[in-house]
Amino acid sequence: MLDWLKLTRQMQGMSQQLQQEAAAIRQRLAQAQGVLRSACGQQAYWVAQHQSWREKLAFLVAEPIEALDTCLPVPVPPPVHTVIATDGSQIAPSHHEVAYCYLVNIGRIVLHYGTATPPLLDSLPEVFYRPEDLYLCRQWGIRTEEWMGLRRTQSETIALADLACDLVGSLPRLAMVDGSLIHWSLDTMQVEARERLLPPMLAAWDRLRLSRVPLVGYLSASRSSEALNFLRLPLCPFAQPDCATHCGAGVNALESLAAERTPCTRLQPLRDAVLWSALLQPGQRGPLFRSSARILSHYGAHWIYFCYLHVGFEVARVEMPEWVAQDEALRDLALAIVLAQVQKGYGYPVALAEAHNQAVVRSGERSRFFALLEQEMIRTGLKNVGTSLKETRKRGSIA
């Protein structure tokens, strides 16, 4: 239980700290806007510098594909269109339960606009209990809980492509996912493990590309600074932006140095969304950027681009594969429908919110799942079925 009296005493210090941080962010924001205006006149030069020295940089820099000061209005979506979304939830494995297994539940949403076609709102549960599902990942140093999350992402992607590509007709469609299309964790994973996860997802995206169904990842409250890091290039005092040579061996060394030696860090910890919230009006998008994440070298035709979109309630990061970003018709359709979805959802895309609601597994459902599993195990003749003493005691606490 929380002691609210003790907690209240800490609130004053926290609010004072937040006020100081807000003042510092306003100062960095003004500096960033000045650097951006200056960089616009030499954008081609700084892009060339990034292409020449990106392997020597200790931070991730997204490359602008359009002018840095781009502020374009998003078009109106077609009156008749369809939105497809998936999201996932899970019941994590526990040694204290009746059996060591996990459940992945995929929420599926298909919303039709401008027609009388009823929507699809359902979920697809799947139980994973075989040894290869539970223990195979450990040979690659991956915990079962982490592997479960990755398998869930894979199932979400495949379900999304199944829904979008099986629709009859040629009406405009958009496939949406909650979160990034860049699977950062796969970059440091062993090749064999990555090959079990990434190819099926890329194959699903191939189906979307062949069906000309644009795909976007929607990131609310994004904390990325990948685009803002491009402005660190003009701030570098060295003719050759080689971080390892001039500023240390890596990011940690770079951040530990004095600010006067590393002026490129003076905009930190400003985020992309904060900068573009000062530049965009509601209904406008910023320039397209090409991400430089290393994992994207395995994505083939699906290299990820992104832009920032002022949806009226916030500035969101919208990611899309290269085949969407470079196709003006698909890109405009995708952004138009995303903006309309946010407006319909009063601040968050309604299709993603409903997909989450269909996917989420509540505490009562978790208890019912394990009760059903226990009944099935007893029915088949298994003995000594039940939770651990620890779990039993926690559930029956007298406190």
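Arg 285 is buried, its relative accessible area being 4% (buried means under 20%, exposed over 50% and partly exposed in between, with a 1.4 Å probe and protein chains only). The structure is a predicted model, in which local features need pLDDT of at least 70 and side-chain atom pairs count only at pLDDT 80 or more, while totals for chains, interfaces and linings use all residues. Residues are numbered from 1 along each chain as its sequence is written, and side-chain values use heavy atoms, with hydrogens and water left out.

What does the side chain of Arg 285 meet in a salt bridge? The partner is Glu 66, at 2.8 Å from N to O (a salt bridge is a side-chain nitrogen of Lys or Arg within 4 Å of a carboxyl oxygen of Asp or Glu). Glu 66 sits in the loop between β1 (63-64) and β2 (72-73) and Arg 285 in strand β8 (residues 284-285), so this pair ties together parts that are 219 residues apart in sequence. Helices (H or I, at least four residues) and strands (E, at least two) are DSSP runs, numbered from the N terminus. By the salt-bridge rule, the count comes to 13.

Another salt bridge, with 3.1 Å from N to O, is formed by the side chains of Arg 152 and Glu 156. These two residues are four apart in helix α4 (residues 144-166), so about one helical turn separates them. Glu 156 counts as buried, at 9% relative accessibility.

Asp 187 and Arg 294 also form a salt bridge, their closest N and O atoms being 2.8 Å apart. Asp 187 belongs to the loop between β6 (173-178) and α5 (191-210), and Arg 294 to the loop between β9 (289-290) and β10 (304-310), so the pair ties together parts that are 107 residues apart in sequence. Asp 187 is partly exposed at 24% relative accessibility, whereas Arg 294 is exposed at 60%.

Attention now turns to helix α2 (residues 43-53), where His 50 is placed. Is His 50 buried or exposed? With 2% relative accessibility, His 50 counts as buried. Leaving aside residues up to four places away in sequence, His 50 touches Leu 57, Val 61, Glu 63, Leu 233 and Ser 292 (contact means heavy atoms within 4.5 Å).

Helix α1 (residues 4-40) holds Met 11, which is partly exposed with a relative accessible area of 41%.
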